[in-house]
Amino acid sequence: MKAIGLAVAGALPWLIFRVVADLHAAPAALVAALSGLAILSAAFILSWAAEAFQLDVSQALALSLLSLIAVLPEYAVDVVFAWRAAADPTQAPYAVANMTGGNRLLIGLGWSAVVIVAWFRARRRSRGHPELAADPAVRLTDEGTAIVLNPGQVVELAALGAATVYSLLIPLKGGIGPLDTVVLVSLFAVYAWATARAPAEEPHLVGPAALIGGLRKGTRRLVVAALFVFAAGVIFASAEPFAEGLVQSGASLGVDEFLLVQWLAPLASESPEFVVALLFAWRGLAGAGLRTLVASKVNQWTLLIGTLGAAYSLALGAPADLPLDARQTEELFLTSAQSLFALVLIANFDLSVREAVFLLATFLVQLVFPGTEVRLGFAVLYVVGAVALLVSSPARRRALAGMSGQLRDAVRLGAPA
């Protein structure tokens, strides 16, 4: 209970400061520091609540809810940009930039970091740190040390695959509109339905999560619900000021505003889920950490893109496509290509350290060299790499070919086929 109290206390300075201070007049660095501490505290609370929640629902649903709560600030920022674009077309590129930046961060930085942290933890354990319990998801495969995914994640992978294939068509349309809203939100609904019907499993709880799990059922559910609500409220109250504080700090250093919107703001708004996933990995639950970020990718690649078209049409007062300029078309194509490559990588239900380093390295190069030729070059590299992996790996071909049927069975039966 002491750890939970400390986490709540970590959020209080920002909540008080937000009420009593004028945020517009406050130093940007102070706003970023206090709101960042609040987000970190909320991430700890979310991780404990999500672990205890698995006593009542499936891990897939618990982590899906966790990822949805954690990325809601990203939704809020993007919807604001899309809404403003109806009256000010110059805002449209920012909406797409924020969305594509957030999605590429999830894979390039998030997925990679979870695998690398789990690998580092496993090395420390093997070198004389027995207090670090073995992580059942960390195994030695033909490609070296890897995080092995639960076969039950076929639901997430199938939804991600369908959304990725559809996303490759959006740049050809030149905009994100009502049709995309219908298709992608429907896909998210199918994914949510399948995860909600999956059976619950007995989790292995430690620390604060074990303390919560040991409560009587009614009390436990009330505590878990209260922690979810508190953490979600803290994140909502912190994410936008944290992003703005970082952006203002960067702007004062002369950093390009577009790049700040594309990279720094998503990094700030997605920090809760990154922290939660890394906490899982460091505590010997790397599979849950990676699953959280895969679920976040599904959320953003379906619900977030669909929300952009709906928000723009509502603000305009008529069905219309949020326009894509040349750069945003390239950004969306690159993001879709990265998603395709990452999906093929984990189609065999593991992600090795070598593969994670490759995802991280290619992402960092794009970050340092944001030119048109670099974007198109990496997009082609990802597509060619995905095709090469499929050609060389019959297991990956079989896995991808069977995903649609497995998703259908999961929806019908309430569990993966």
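Reply: Happy to. Helices here are DSSP runs of at least four residues, and strands are runs of at least two. By that count the protein has 16 helices and 5 strands. Please keep in mind that this is a predicted model.

Me: What makes the protein as compact as a globular protein of its length?

Reply: The globule rule gives 22 Å for 417 residues, and the radius of gyration is 21 Å, close to that value, so the protein is as compact as a globular protein of that length. Along its principal axes, the C-alpha trace spans about 60 × 55 × 45 Å. Buried residues account for 54% of the 417 residues.

Me: Why is Arg-220 called buried?

Reply: Buried means under 20% relative accessible area. Arg-220 has 8%, so it is buried.

Me: And how do you know that Arg-220 and Asp-56 form a salt bridge?

Reply: The cut-off is a side-chain nitrogen of Lys or Arg within 4 Å of a carboxyl oxygen of Asp or Glu. For Arg-220 and Asp-56 the closest N and O atoms are 2.7 Å apart, so the pair qualifies. This pair links distant parts of the chain: Arg-220 sits in helix H9 (residues 217-252), Asp-56 in the loop between H2 and helix H3 (59-85), and they are 164 residues apart.

Me: Why is Asp-56 called partly exposed?

Reply: Partly exposed covers values between the 20% limit for buried and the 50% limit for exposed. Asp-56 has 23% relative accessibility, so it counts as partly exposed.

Me: What makes Arg-221 and Asp-56 a salt bridge?

Reply: Their closest N and O atoms are 3.1 Å apart, which is within 4 Å, so this pair also meets the rule. Because Arg-221 lies in helix H9 and Asp-56 in the loop between H2 and H3, the pair ties together parts that are 165 residues apart in sequence. Arg-221 counts as partly exposed, at 45% relative accessibility.

Me: How do you know that Lys-173 and Asp-321 meet in a salt bridge?

Reply: The N to O distance is 3.8 Å, within the 4 Å limit, so the pair counts. Lys-173 belongs to helix H6 (residues 170-173) and Asp-321 to the loop between helix H12 (286-316) and strand E4 (322-323), so parts 148 residues apart in sequence are tied together. Lys-173 is partly exposed at 36%, and Asp-321 is partly exposed at 35%.

Me: How many salt bridges does this rule give?

Reply: The count comes to 10. Arg-104, Arg-327, Glu-330, Glu-331 and Arg-375 are linked in a network of salt bridges.

Definitions and conventions
Residues numbered from 1 in each chain as written. Predicted model: local features only at pLDDT ≥ 70, side-chain atom pairs only at ≥ 80, totals over all residues. Heavy atoms only, no water. Rg over C-alpha atoms; globule rule 2.2 N^0.38 Å. Buried < 20%, exposed > 50% of the residue type's maximum accessible area, 1.4 Å probe, protein only.
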